[in-house]
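Good morning, everyone, and thank you for making time for this. Please have a look at the sequence and the structure first, and then I will walk you through a few places in it.

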Amino acid sequence: MSRGNFRQETFLDGAHYRRYLDLLERVAARRDWSVLDWCLIPNHFHLLIQLVCGGLSAGMRELNGGFSRWSNAQTGRTGTGHLWKNRFEGVEIVEHEHFLETARYIPNNPVAAGLARQPEDWPWSGYRANVGLERPRPFHAPRQLLAYFGKEPQAAIVRYERFVRDGRVRSGHVAWSDQGYGSRTGPG
């Protein structure tokens, strides 16, 4: 994940979201990343990436740096400071439970931030493709994510939807979050 410097918005409109996703598509293809899930919200993003050949740091530098240069040129912020707070936050997921909680947290992030009532209402995440409501973007690998929920695709989708729904953030907290890294008023 990366968060905007001083928690500023980094994705200002649809053009910003689309530009970031276009860059992600290029970087993921070049670096051979399997992006199992993703979510962009106004001041930060989450990517659940399965690395095949490593290259996370170089790829994130390319992705965030490319977007920063484009965004700063678009908004006239060039020379006024960093767009992203520090370096990206990369957390290696080793344990299955951590993977599952991350897979639950990412689609619920816009709900917790008050941007959507349900994960499928937020257009800037992989959730809609994960549950078959739209086609996945070229970099997105929902079949790989759903394989953790079953071998038969439709049954896996049902299990995944239930799993995400059961973890819906009602109190502003989930079992695993980036709250220590993010906002004091809750995730997002």
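This is a predicted model: local features need pLDDT of at least 70, side-chain atom pairs count only at pLDDT 80 or more; totals for chains, interfaces and linings use all residues.

Let me begin with a question: leaving aside its neighbours within four places in sequence, which residues is His-16 in contact with? The residues are Thr-10, Phe-11, Phe-67, Trp-70, Ser-71 and Thr-75, where contact means heavy atoms within 4.5 Å. His-16 itself has its place in helix α1, which covers residues 14–31, and at 5% relative accessibility His-16 counts as buried.

Residues are numbered from 1 along each chain as its sequence is written, and side-chain values use heavy atoms, with hydrogens and water left out.

The pLDDT is the predictor's confidence in each residue, on a scale from 0 to 100. The protein chain averages a pLDDT of 85, and 86% of the residues score at least 70. Over residues 173–188, however, pLDDT stays under 50, and for this stretch the model has 42 contacts beyond four places in sequence.

Now the overall layout. The secondary structure of the protein chain comes to six helices and three strands, and from the N terminus on the elements run β-α-β-β-α-α-α-α-α. Helices here are DSSP runs of H or I with at least four residues, strands are runs of E with at least two, and both are numbered from the N terminus. Of the 188 residues of the chain, 49% count as buried. Among contacts between residues at least 6 apart in sequence, 68% join residues at least 24 apart.

Let us turn to the aromatic rings. A pair of aromatic rings is described by the distance of the centres and the angle of the planes. Rings of Phe, Tyr and Trp (for Trp, its six-membered ring) pair if their centres lie within 6.5 Å; planes under 30 degrees apart count as stacked, over 60 as edge-to-face, and the rest as tilted. The structure holds 13 aromatic pairs. In one of them, the rings of Phe-11 and Tyr-17 have their centres 5.1 Å apart and their planes at 20°, so this pair is stacked, and both Phe-11 and Tyr-17 are buried. Another pair, Phe-149 with Phe-163, has ring centres 5.4 Å apart and planes at 55°, so it is tilted. Because Phe-149 lies in the loop between α5 (142–146) and α6 while Phe-163 lies in helix α6, this pair ties together parts that are 14 residues apart in sequence. Phe-149 is buried, and so is Phe-163. Ring pairs also link Phe-11, Tyr-17, Tyr-20, Phe-45, Phe-67, Trp-70, Trp-122 and Trp-124 into a cluster.

Staying with helix α6, how does it meet helix α3, and at what angle do the axes cross? The axes of α3 (residues 96–112) and α6 (residues 153–166) come within 9 Å and cross at roughly 75°. The two helices are therefore roughly perpendicular to each other. The contact is made by Leu-100, Glu-101, Ala-103, Arg-104, Pro-107 and Asn-108 of α3 and by Tyr-160, Phe-163, Val-164 and Asp-166 of α6. The axes are lines fitted to C-alpha atoms, for helices over the stretch in contact, with angles from 0 to 180 degrees between N-to-C directions; under 35 degrees counts as roughly parallel, over 145 as roughly antiparallel, 65 to 115 as roughly perpendicular, and the rest as oblique.

Also in helix α6 is Glu-161, which is partly exposed, with a relative accessible area of 28%. Not counting residues up to four places away in sequence, Glu-161 touches Tyr-127 and Val-131.

Finally, one backbone detail. Most residues other than glycine have a negative phi. Asp-32, in the loop between α1 and β2 (33–41), has a phi near 60°, a positive value in a residue other than glycine. Asp-32 is partly exposed, with a relative accessible area of 39%.

Note on methods
Buried means under 20% relative accessible area, exposed over 50%, partly exposed in between (1.4 Å probe, protein chains only).
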